[in-house]
Amino acid sequence: MDSVKPLTIGLTGGIGSGKSAAAKMLAELGAPVLDADKVGHEIYQPGAAAYQELIDAFGESILASDRTIDRRKLGPIVFADPAALKRLNSIVHPKMFTRMGEMMAAMRRGGERRPIVIEAAILIEANWQPLFDEIWLVSASRERVIERVERDRGLKPEQTEARIRAQLPDEERRKHARLVIENNGTIAQLQDQLAQVWADALKRNG
């Protein structure tokens with residue numbers, strides 16, 4: 001059994017798809033789940049991988065009074081300028097890739113044999129596919145996405161539409177996905193789907 005390499009699974013999906021709900025459900029089913037967003041926050045910390053490079057790139061004006069990077073100051077700089085956003089991503093995404101690889105390797109050294117799941121909204125955009133054996137996409141219809149985002153975040157439909165247009169379309173994500181989890185139904189239906197796909201993953205995991 002030890003000769004079989006345990007699976008690593010990238011879980012992705014757009015705004016309102018239910019990706020985070022799916023990650024939570026997989027954790028409840030026993031999956032070790034890592035959150036790429038939390039890894040991103042970690043590498044911004046003083047002394048961490050991206051900290052000094054971000055100050056060098058964007059200046060000390062992005063710092064809070066305690067010299068931590070203030071994302072509320074960095075955000076307007078990069079979102080107003082495509083070149084600045086590209087520069088930010090070129091610094092942060094490779095470091096997140098490295099850090100997530102290190103974290104999974106440490107889990108394996110610690111004896112974790114189950115499939116490891118990483119929840120990552122920008123998995124495809126950041127070119128993190130080489131980290132994973134399988135990519136699972138959580139997908140929902142535009143109508144369901146708009147309805148969920150209005151309910152959960154209070155955004156108006158036109159605000160959600162703008163966010164959908166700004167992100168990678170699901171048609172592109174589907175090209176990379178081994179598995180598409182259609183999430184247009186109830187929470188219970190999503191739970192049933194995930195219980196099945198997780199059981200199948202455990203079988204493939206050897």
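This is a predicted model: local features need pLDDT of at least 70, side-chain atom pairs count only at pLDDT 80 or more; totals for chains, interfaces and linings use all residues.

Reader: What volume does the largest pocket have?

Author: The space in the largest pocket comes to about 1600 Å³. It is lined by 49 residues, and those closest to its centre are Asp37, Ala121, Ile122, Arg153 and Gln167.

Reader: Which helices each supply at least two residues of that lining?

Author: Helix 1 (19–28), helix 2 (36–43), helix 4 (71–79), helix 5 (82–109), helix 6 (142–153), helix 7 (157–166) and helix 9 (187–204).

Reader: And by class, what is in the lining of the largest pocket?

Author: The lining has 21 nonpolar residues, 15 polar and 13 charged.

Reader: Which helix gives the most to the lining of the second largest pocket?

Author: Helix 8, with four residues. Helix 8 spans 170–176, and helix 6 also supplies at least two residues there. By class, that lining has six nonpolar, five polar and five charged residues.

Reader: Helix 6 turns up in both. How far does it reach from its first C-alpha to its last?

Author: Helix 6 reaches 16 Å with its twelve residues, close to the 16 Å expected at 1.5 Å a residue. After helix 6 comes Gly154, which has a positive phi, near 75°.

Reader: Which of the residues of helix 6 are buried?

Author: Arg144, Val145, Ile146, Arg148 and Val149. Helix 7 is part of what covers them. On spacing, an α-helix has 3.6 residues a turn, so residues three or four places apart point the same way.

Reader: Zooming out, how many helices and strands are in the chain?

Author: Nine helices and five strands. In order from the N terminus, the elements run β-α-β-α-α-α-α-β-β-α-α-α-β-α. The radius of gyration is 18 Å, close to the 17 Å that the globule rule gives for 206 residues, so the chain is as compact as a globular protein of that length.

Reader: What does the C-alpha trace span along its principal axes?

Author: About 50 × 45 × 30 Å.

Reader: Last one: what share of the residues count as buried?

Author: 43% of the 206 residues. As for contacts, among those between residues at least 6 apart in sequence, 72% join residues at least 24 apart.

Note on methods. Residues are numbered from 1 along each chain as its sequence is written. Side-chain values use heavy atoms; hydrogens and water are left out. On a 1 Å grid over the protein atoms alone, a cavity is a set of points where a 1.4 Å probe fits but cannot get out, and a pocket is an open set with protein on both sides within 12 Å along at least five of seven lines; lining residues have an atom within 4 Å of a point. Grid points are joined across faces, edges and corners, and a volume is the space filled by probe spheres set on the points. Ala, Val, Leu, Ile, Met, Phe, Trp, Tyr, Cys and Pro count as nonpolar, Asp, Glu, Lys and Arg as charged, and the others, Gly among them, as polar. The expected span of a helix is 1.5 Å times one less than its number of residues. Buried means under 20% relative accessible area, exposed over 50%, partly exposed in between (1.4 Å probe, protein chains only). Contact means heavy atoms within 4.5 Å. The radius of gyration is taken over C-alpha atoms; the globule rule is 2.2 Å times the number of residues to the power 0.38.
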